[in-house]
Amino acid sequence: MQQSLTHAMVFFDPLALALVVMGSLVLAGSQEGWRSIQGAIGALPVLFRSNQSENARLARNAGKRVARIVEKRGINCADRVKVDPHFVQNVIREVANQKDPSSFREWTRNNIIQRQTRHAFAARFWSTVAEIAPALGMIGTVIGLVLMFGQVEDAAAIGQSMAVAMLTTLYGLILGNVIAGPISVRLMRASESEIAWQQELADQLFHIVEREYLASRPGLDTGSTGTGFRQCA
């Protein structure tokens, strides 16, 4: 066991690791904007707790419940439907608050575009890290070789410089192709799945809003909120 641990420690060099990891993050942040680092790291929990299939199922069920309550009690009662996904709850609340279908359509479009943009920034940051890391590893290799040839008389120094030279390349390949690259791909796939069911829910609720608005137009002088909708019964 101790021998295996000793062999494993051969592949660990704090200097080479810091050069590749911190250097890649800093360079990616300088390209994509420093705020992108926070957003990219904040998006990582999505990889472990995101269940878009379940969220899509909850959204479809919520849309059906909204349709039933609107038919029975009016659209201003739509926000009485309570669900877990934050986006679904926000959209349902907007169903009850918007004054007309066009306002609701504009709100959902802007909200979804903002989400797409935020997701794209996070995925692009990790994609940039995946591009930078191998190149930074090669730079570390060159630095290690230069140090090695400058200390040919010191065998211990040669070994340390050679370790930096080889391990920076290894770390760059691992960070770029095993960590950052797959993270970027998974974030994009999660975003596509999430946006798909959110757009489906938005379209479903828009038709409900439009139908209720048009049905209520002839009765604006009686039983109306002044916005074209029935009051909550």
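Predicted model: local features only at pLDDT ≥ 70, side-chain atom pairs only at ≥ 80, totals over all residues.
View 1. The chain has 233 residues, and buried residues make up 40% of them. Its accessible surface amounts to about 13,400 Å², and carbon and sulfur atoms account for 60% of that surface. Of the contacts between residues at least 6 apart in sequence, 72% join residues at least 24 apart.

**View 2. Helix 5 covers residues 52-73.** At 1.5 Å a residue, the 22 residues of helix 5 should span 32 Å, and the C-alpha atoms at its ends lie 31 Å apart, which agrees with that expectation.

**View 3. Helix 5 carries its buried residues along one face.** These buried residues are Gln-52, Ala-56, Ala-59, Ala-62, Gly-63, Val-66, Ile-69 and Val-70. Viewed down the axis of helix 5, they fall within an arc of 150°, and therefore line one face of the helix.

**View 4. The other side of helix 5 bears exposed residues.** Ser-53, Glu-71 and Lys-72 are exposed there, whereas Gln-52, Ile-69 and Val-70 are among the buried residues of the helix.

View 5. Helix 5 itself comprises residues 52-73.

Technical notes: Residues numbered from 1 in each chain as written. Heavy atoms only, no water. Helix = DSSP H or I, 4+ residues; strand = E, 2+ residues; numbered from the N terminus. Expected span 1.5 Å × (residues − 1). Buried < 20%, exposed > 50% of the residue type's maximum accessible area, 1.4 Å probe, protein only. Arc of directions from axis to C-beta. Contact = heavy atoms within 4.5 Å. Areas by Shrake-Rupley, 256 points an atom, 1.4 Å probe, with all protein chains shown as cover.
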